[in-house]
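Subject: Handing over a structure, with notes

Dear colleague,

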Amino acid sequence: MELAVISGKGGTGKSSITAAFATLGKELVVADCDVDAANLYLLFNPAHEKSEVYIGGHKAVIDPSLCTVCGICESYCRFDAIREKEGEIIISETSCDGCFFCSRICPMGAIKMVRSDKSRMYSGTFRNGMMVYGRLAPGEENSGKLVNLVREEAKRLSEEKGLNTVLLDGPPGIGCPVISTVTGADKIIIVTEPTMSGLADLKRVHEVARKFSGEVGVIINKYDLNEAMADRIEGWCAAQETSILGRLPFEKKVTEAMVAGKSITELYPESEISKSLGVIWNKLISNGKE
Amino acid sequence: MKIAIASGKGGTGKTFVATNLFHVLSARGDRVSLVDCDAEAPDDLLFFQAEKISESDVTHQVPVINKDACTWCGRCSRWCNYNAIFYLPSAQVIEVIENLCHGCGACTFACNAGAITEKPVSLGTVSSYKTASGSPFIEARMHVNEMSPVRVIKAAIKEAGSEGVTILDSPPGTSCPFVQTVDTADYVLLVTEPTPFGLSDLKQSVDTLKTMNKQCGVLINRADIGDSGVKSYLEEEKIPLLAEIKYDPAIARAYSEGRLASEDNKAIAALLTELADIIISDHGTGSHKR
């Protein structure tokens, strides 16, 4: 069974909650799909058995010695990536989408497409199974593709090692890396917080989640920061017929656990929040066996 | 000048800082505008009374293939770098997968039979508002189920123009949406929290900004939680620590209700005003007085 934890809004506690699940569960594969801000490896220190080069997207690079500054590339580029400046063609690396169009139409063959090979995918063992994560090189694009690769590797490992549960820690937002994380997942867990922003972002990510899975559940983290807002979120979920998996209190011990390199359920198993996390995890797992 | 408020990790307080910074500058009569560039999870508007002035669609051009004119040469499919044209000549199948199309126009150019025309597809909206204080606010909002917010972000920043101080509330992460936002910024204020996750994502943001030759400084939010890792890192890297804000339940409460803490918390208002003055005097271009 593949479980994906996402949130819409960042910083609602996805990774801390995923870490708790990963240490409550037995024998699983954890995959960190937040490839441009991967964090779980900090708690799990996976023994790196394998690192794989991820070849990212292409960027157009111009050879000024061949370029005649005819301007054809500039006139066809739809990403505003190409400009003539002081008699020279300049291609903006940040605006280039890697579509190849300019390199194909340049009459002088002056534009080459170059791929970045700085991103990595890692997989290894951790104290409760296997862990896979991606690290996108600074400023790289195509994070959705790296997420796909991370998920494929997690799936392969789960089959190879006989680990039945795959737990995915997703990125914030609702764009391509999120869609890559939730597509085909058996269950989607949305972690939200009782704030106006939390609710607004929940509504958007919920729409994405519903499109990709029938089983969507919501966790309201730090519910006691604003209980009236937590109630409002529950009401909204009820109207959508989306189940509330549980409420978790704001707890400074979660940060303490992070600093200690542990999950909250490992460091403070008897705390209220750990008990609630245990209940939610059992709910998630037992449903899967029906 | 343009100041981007960014962070690798989500939920560190970008929106809190951006909206309150905008408020204090606007309240004292500066020429200031705010652009919500977090097009996947736009929340800034929740904090303002604002009147909508205009809304425009951000579109890209997607191909439409006329099968009757198609000669089944397959050139369009070969020129598409996004696998957005599904082509099976033996079964006389040729289809555009709109979700994968980036609107680069290569296929239209590649078609020698004149079988491809284009139609606009909406990716999101850019809306302009006038806030109660009279200062402009612009929101980038990607449609749910779209893949990339980049074009919408770009259009919103363009809409803001270049007069006075423009505050860009960046999306989290360090991949394309972040890069697109900070690309136009004169200065980047990174909001972080002093935890292992915060530090790891901060490093990734700093590394990305270095590749882009962008100047940055740091605000540590919830400065009294976590550990000293962030501060040690800033000292080692000689990155200026511009401000620290301690965890305050009253601030969290105000945020949860969509209120601006700086409206009644004088200390926060003063801290943010001073922060803005430091950034503007050290890195500013042009006048920000109205």
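The notes below begin with how to read the structure and then go through what was found in it.

This is a predicted model, in which local features need pLDDT of at least 70 and side-chain atom pairs count only at pLDDT 80 or more, while totals for chains, interfaces and linings use all residues. Residues are numbered from 1 along each chain as its sequence is written, and chains are lettered from A and ligands numbered from 1 in the order in which they are written.

On confidence, the predictor gives the complex an ipTM of 0.94 and a pTM of 0.95. Chain B has an average pLDDT of 95, and 98% of its residues score at least 70; pLDDT is the predictor's confidence in each residue, on a scale from 0 to 100.

Chain B contains nine helices and eleven strands, where helices (H or I, at least four residues) and strands (E, at least two) are DSSP runs numbered from the N terminus. Its C-alpha atoms fill a box of roughly 70 × 40 × 35 Å along the principal axes. Of the 290 residues in chain B, 51% are buried, a word that applies if 20 or more other C-beta atoms, placed from the backbone, lie within 10 Å of a residue's own.

Two elements of chain B show this burial well. In strand β1 (residues 2–6) of chain B, five of five residues are buried, with Lys2(B), Ala4(B) and Ala6(B) on one side and Ile3(B) and Ile5(B) on the other. β1(B) pairs in the parallel sense with β8(B) over four bridges, two strands being paired if DSSP finds at least two bridges between them, and here Ala4(B) stands opposite Leu168(B). β1(B) also pairs in the parallel sense with strand β9 (residues 187–192) of chain B, over four bridges, and in that pairing Ile5(B) stands opposite Leu189(B).

Helix α4 (residues 150–160) of chain B is mostly covered as well, with nine of its eleven residues buried, among them Val150(B), Ile153(B) and Ala160(B). The buried residues of α4(B) pack against several elements of chain B, including β2 (32–36), β3 (50–65) and α5. After α4(B) comes Gly161(B), whose phi is positive, near 70 degrees.

In chain A, nine strands form an open sheet with mixed pairing, in the order β3-β8-β9-β2-β10-β1-β11-β12-β13. Its edge strands are β3 (47–54) and β13 (243–247) of chain A, each of which pairs on one side only. Strand β12 (residues 216–220) of chain A pairs with β13(A) in the parallel sense over four bridges, and Gly217(A) stands opposite Ser243(A) there.

Finally, the two chains touch each other, and the contact takes 50 residues from chain A and 52 residues from chain B; two residues are in contact if their C-beta atoms, placed from the backbone, lie within 7 Å. On the side of chain B that touches chain A, α3 (106–110), α5 (176–182), α6 (196–211) and α8 (249–256) of chain B each supply at least two residues, and the largest share, eight residues, comes from α6(B).

With best wishes

How values were computed
A residue is buried if 20 or more other C-beta atoms lie within 10 Å of its own, exposed if 12 or fewer, and partly exposed in between; C-beta atoms are placed from the backbone.
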